Amino acid sequence: MTAPAIETQNLTKEYPHGFLHLKRKTSLEDLTMQVQDGEVFGFLGPNGAGKSTTIKLLMGIIFPTAGSARILGRPVNDVTMHRDIGYLPEQPYFYDYLTAAEVLDYFARFHGFSATERKERVHKMLKKVGLETAGKIQLRKYSKGMLQRVGLAQAILHDPKLVILDEPMSGLDPVGRREVRDIILELKNAGKTILFSTHILSDAEMLCDRVGVIAGGKLRGVGAPGSIVGVKSLAMEIVFELAGGGPLAERICAKAARSGASFRMSVDEAELYATMEELRGAAAKVISVTQIKPTLEDFFLELVGTDRAQAAAIEVSGK
Amino acid sequence: MSRILIVARNTFREAVRDRVLYNLVFFALLMIASAVIVGQISMDIETVVMVSLGLSAISLIGLLIAVFTGVGLVSKEIDKRTLHAVLAKPLHRWEFLLGKFSGLVLTLTVNTAAMAAGLFLAMLFVTHSIARGDLAVLVAVYFILLKLALVVALAMLFSCFTSPLLAILFTGGLYVAGLFVAQLRSLETTQLNAPTQRFLSVLSYLLPNFGNYDVMGAAAHGRAVPASLVLHNTLYTFLYCAIVLSAAAVIFSRKDLK
């Protein structure tokens, strides 16, 4: 049996704070989770939930107060395994006196590629992230979105087994986000393991095999985006059109919302058949019947809903 | 080793592309030009004045670069978070530290060599010949370079555990204190109580002895510098830098980055 790609055991991070650093603030508490080989795992949580702290601990940028973590079966302090890891930091920043091609070449050198191989890989990556024509411009002239693309390019430059992306969609316009989503899917199809943090729930629903929701430094749930929210149906949505009138039709219309020529009505699951009978009686044309399931967003908001300030930080793009 | 060189090469490239460095080189050339002018209006001591001024300028400019750039070598990378992507590569933190140190020392070597070349050209301009005694100037330049390497190591050590401003103050303070090590050792013979004498004695050996690198007087007057001093200063610098950089690596390896 192969080891999980990522495994944490009671991972905890506390920071000293206060005037004399005598108080402790817990950023991450007892995180125990696994990311399996070959899966796309979304790490969800509002700003300040502990997502970046976890990723920094995995990458050896900060050190745990307690607990342990292993990547690809090896402890995180073993930097040799970084050969097999690609990492995109949150809001990446690179040497602004270098061009994108130079930065990628610099990073490629650490992986021991020959000059020819470096040149080929740099060209390929710049093309992949849409910076082919901007490769010879110094990074100080780059926008935030362009830097994000450079960050993604350096993360996958060496064809790693595991890719860790901290807020990969941050700073990108809709086209950029779509391109990043495509790259993540491409990596997934190539059998790579991907861990990415985000607070954009639609991205997680679209890309992830499993998600972990973290809030207040604690892991609140792990599972497939569909299953984590529970299978209980909230309601059924019926979309229909009404050609005729009459008292029955008026009664039905009173319960529905009109949208152009069609009507939309939500009913409890138990009332579905009775409502369908009424619609048949009123000679309505049923367009669709859809089960309304709680979304990841509902689950997410429920977890963090006690704190309105946190909820306000959630970006539910496209909703 | 190759990973250290990769970081060193990039550090050198950063310095070369940094316009402040060019300004300092320009300043050095200006200082040397001034030395030539002063040398021309001095009676028979043109070479002495010119060498003294030239070496002082090389030392001062080198110190400014060593302290300010040395402190920023690590702290700037932490502040700007450029370090995050770098440390995600198969690179140990001590390798990064050593690479940054080597890169700046290489920069200082090139910079110092350029200024020394300017000084020799100026000397040639005034005296129309290079005498054997002028070799002492080369030794003095070499000592300045050794001194700068030690200052860079100290600046990097302090920047690993304190703010850039404090690191500059600590490095500057230690440099000034290090100039008076010989005087500190001579205090042992005065009427001090035993514990104070012991403390000062230990302190005088712990402090970097920057006074040892000053052979400006000998160089200006064309006196030869003893080979034993060259060997002593070389070994002393390597050993002291190794200790300071090891301490910096230990601290940096355990440091939580932002």
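Among contacts in chain A between residues at least 6 apart in sequence, what percentage join residues at least 24 apart? The value is 71%, where two residues are in contact if their C-beta atoms, placed from the backbone, lie within 7 Å.

Before the tour begins, note that this is a predicted model, in which local features need pLDDT of at least 70, side-chain atom pairs count only at pLDDT 80 or more, and totals for chains, interfaces and linings use all residues. Residues are numbered from 1 along each chain as its sequence is written, while chains are lettered from A and ligands numbered from 1 in the order in which they are written.

**Stop 1: chain A**

Select chain A, which holds eleven helices and 14 strands. Helices (H or I, at least four residues) and strands (E, at least two) are DSSP runs, numbered from the N terminus. Of the 319 residues in chain A, 39% are buried. A residue is buried if 20 or more other C-beta atoms lie within 10 Å of its own, exposed if 12 or fewer, and partly exposed in between.

Next, select A:Gly216, in the loop between strand 9 (210-215) and strand 10 (218-223) of chain A. With 19 other C-beta atoms within 10 Å, A:Gly216 is partly exposed.

**Stop 2: chain B as a whole**

Now select chain B, which has eleven helices and zero strands. The radius of gyration of chain B, taken over C-alpha atoms, is 20 Å, close to the 18 Å that the globule rule gives for 258 residues, so chain B is as compact as a globular protein of that length. The globule rule is 2.2 Å times the number of residues to the power 0.38. The C-alpha trace of chain B spans about 60 × 55 × 30 Å along its principal axes.

**Stop 3: where the chains touch**

Show both chains together: 19 residues of chain B are in contact with 22 residues of chain A. Helix 1 (2-17) of chain B gives the most to the side of chain B that touches chain A, with five residues. That side has seven nonpolar, four polar and eight charged residues. Ala, Val, Leu, Ile, Met, Phe, Trp, Tyr, Cys and Pro count as nonpolar, Asp, Glu, Lys and Arg as charged, and the others, Gly among them, as polar.

**Stop 4: helix 1 and helix 5 of chain B**

Axes are lines fitted to C-alpha atoms, for helices over the stretch in contact, and angles run from 0 to 180 degrees between N-to-C directions. Angles under 35 degrees count as roughly parallel, over 145 as roughly antiparallel, 65 to 115 as roughly perpendicular and the rest as oblique. Among the residues that meet here are B:Ile4 and B:Phe12 in helix 1 of chain B, and B:Phe96 and B:Leu106 in helix 5 of chain B.

**Stop 5: helix 6 and helix 11 of chain B**

Finally, select helix 6 (residues 135-159) and helix 11 (residues 227-253) of chain B, which pack at an angle of about 15°, with their axes 8 Å apart. These two helices of chain B are therefore roughly parallel to each other. The residues of their contact divide into 16 nonpolar, three polar and no charged.
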